[in-house]
Amino acid sequence: MEVGSILEFMEGRSILVTGAAGFLAKVFIEKILRVQPNVKKLYLLLRAPDSNSAMLRFHTQIMSKDLFRVLKEKHGGNLNSLISQKVRVVAGDITCEDLGVQDSLLLEEMINEVDVVVNLAANTNFDERYDISIGINTLGAKHVLNFAKRCDKLKVLLHVSTAYVSGEKGGLILERGFKMGETLNGARGLDIDAEKKLIDDTLKSLEAEGCSHEIIKSKMKDLGIQRARKYGWPNTYVFTKAMGEMLLGHLRNEMAVVIIRPTIVTTTYKEPFPGWVEGIRTIDSLAVGYGKGKITCFVCDPESIVDVIPADMVVNAMIVAMAAAGSNQTTIYHVGSSVANPLENASLQDYGQRYFQKHPWINKEGRPVIVGNVRVLKSMESFQRYLAIRYLLPLKKDEVRVAFSGSLWAVFVL
């Protein structure tokens, strides 16, 4: 598609964005306001009990970010006017029907005006409590779909998932949807209503036993991992996202649905400027750990591919997919780098070392941290040997030394 036709698609549109305070959502919002100021309205759904709380979140967690620096420079003193005309902050919660919007007039306005729904709300913790994860990632997707069905002008529902919901086939992760109850390992019996009942029954049982909040939290985390692995998924996050996709495919009727499945999302590549990220995310923790000199070894296949994708490229793919969406169908796109620009694990150390040699991490004492080579261990067996030699043997020596000293002291006392 031509860039002009994509911008033309967004002109005059009203777009609902759920999870508007999230990392990808911020990049999406900034992009729309920067490249298409003639968008009609951005409805930004923020989890909040009321409109004042939602507005506070909007100003402190979105507009205050350095990400919007270019937009502020572009519009100067007119930015507040642009925001007041183009942005409507909505207090709500996707775990509830009607997205938790209490203002009936605002809800009616959204139903009448929204052309595009972009669902970016998600809980991305791999080991989140099962009840929380399924509430947002699975049932939340259903609530967004139900709202989208009520929108009179709706062109497309765009749902952001993850590439890791789908299993491999012949070394490839396929761009295909899920049937209800389909599992990665072929196990039978997956039923979303039954999973919700299991959660409710487990909670009631734990509360009846008088379990503390911490015990309930731990038990619900364990339950999520157990259920995910029972059906072939590695963690609660991708399992609940997969079930969310199942509901979208099963309940969409004739609605145009686009599912975007990014791989590991990293800092911005170009827009609005290179290198913007919020917090320590996924692979970023490795870079920070290495820069601080905390990572001395790493278990991996040096030749295997790390599929990372910059946040602004994901947002570009989202916008193009919105504009290209066909009516009455579900379209799935994987957004990654491993085909066009594969990154090997071995290259990560090389890039990291070059970067931190030029831009060293400054420690608490104000001194630069000198980074060196990381020992790459190709198997868990080699990792266990490394731990034994580096840590266990010195501890054993200390134990022997202490025991020997104790014996000498006993002889001396006698």
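**View 1. Helix α8 passes helix α9 in a right-handed crossing.** This is a predicted model. Two packed helices are described by the angle between their axes and the distance between the axes. Here α8 covers residues 192-208 and α9 covers residues 213-230. They pack at an angle of about 155°, and their axes are 11 Å apart. Angles over 145 degrees count as roughly antiparallel, so α8 is roughly antiparallel to α9.

**View 2. Side by side, α8 and α9 meet through named residues.** From α8 come E195, L198, I199, T202, L203, L206 and E207. From α9 come I216, K219, M220, L223 and R227. Of the residues in this contact, 7 are nonpolar, 1 is polar and 4 are charged.

**View 3. Seven strands form an open sheet with parallel pairing.** Strands of a sheet pair through backbone hydrogen bonds, either parallel or antiparallel. The order is β3-β2-β1-β4-β5-β8-β12. At the edges stand β3 (87-92) and β12 (330-335). Each has a single partner strand, so one side of each lacks a neighbour in the sheet. On average, neighbouring strands are turned by 20° against each other, direction ignored.

**View 4. Strands β5 and β8 run parallel.** β5 spans residues 156-160, and β8 spans residues 257-262. The two are joined by 4 bridges. V160 stands opposite I260 in β8.

**View 5. Helix α2 packs on the sheet.** α2 (residues 23-35) touches β1 (14-18), β2 (41-47), β3, β4 (116-119) and β5. Its direction makes about 160° with that of β2.

**View 6. Helix α7 lies across β1, β2, β4 and β5.** α7 covers residues 130-150. It runs at about 175° to β4.

Definitions and conventions
Residues numbered from 1 in each chain as written. Predicted model: local features only at pLDDT ≥ 70, side-chain atom pairs only at ≥ 80, totals over all residues. Heavy atoms only, no water. Axes fitted to C-alpha atoms, helices over the stretch in contact; angles between N-to-C directions. Parallel < 35°, antiparallel > 145°, perpendicular 65-115°, else oblique. Left-handed = near helix turned anticlockwise from the far one by under 90°. Contact = heavy atoms within 4.5 Å. Nonpolar A, V, L, I, M, F, W, Y, C, P; charged D, E, K, R; others polar. Pairing = 2+ DSSP bridges.
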